[in-house]
Amino acid sequence: MDSMLMWKTINTIILIALLYKFLKKPIGNMISQGISGVVEKFESAQKEKEEALKLLKEAERKAKEARAEAEEIIKHAEEVAEKQKAQMIAEAREMAERILSAADEEIERELLKAKKELQSYAAAQAVELAKEKIKGQVDEEFNKRIIKTSLSQIAKEGVL
């Protein structure tokens, strides 16, 4: 049995030597290609990761710029709105002052008109009352006295 074991061992060594001789290159190439493929995929993934990080940073920068621009636009719009509000308030005040001034002038005109009408009415009423009073007091004697007084007054002033 010892010789059999020896032959089996020799056959196994020869088989391993032959397999090693014929399969070393193809298996080595296959392993080398596999490793190369994994390395290439790793490097490609690394490049893609770096590119994705660059794109992410660029997108973040653009988003930040867009936010800043939006804030600037909002700030400008608020300033414009505030200026327009102030201008509208000033115009409204100015218009209210003009309306009040026109109303005051109209009131003054109407007041003067009413005063004149009241004076005219009062004068007319006074004349009427005076006429009524004089009618009751005027007689021939009263007329003679008035004429005499008037003539003496004229004589004193030197008109006659």
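Start by selecting Glu-94: at 47% relative accessibility it counts as partly exposed (buried means under 20% relative accessible area, exposed over 50%, partly exposed in between, with a 1.4 Å probe and protein chains only). Before moving on, note that this is a predicted model, where local features need pLDDT of at least 70 and side-chain atom pairs count only at pLDDT 80 or more, while totals for chains, interfaces and linings use all residues. Residues are numbered from 1 along each chain as its sequence is written, and side-chain values use heavy atoms, leaving out hydrogens and water.

The side chains of Glu-94 and Arg-98 meet in a salt bridge (3.2 Å, N to O); the term means a side-chain nitrogen of Lys or Arg within 4 Å of a carboxyl oxygen of Asp or Glu. The two residues are 4 apart in helix H1, about one helical turn. Helices here are DSSP runs (H or I, at least four residues), as are strands (E, at least two), numbered from the N terminus.

Next, select Arg-109 and Glu-106. Their closest N and O atoms are 2.5 Å apart in a salt bridge. Arg-109 is partly exposed at 48%, and Glu-106 is partly exposed at 35%.

For the next stop, pick Glu-65 and Arg-61, both in helix H1 (residues 2-137). Their side chains form a salt bridge at 2.5 Å, N to O. Which residues are linked with Arg-61 in a network of salt bridges? Select Glu-58 and Glu-65 to see them.

To finish, zoom out: the whole structure holds 4 salt bridges.
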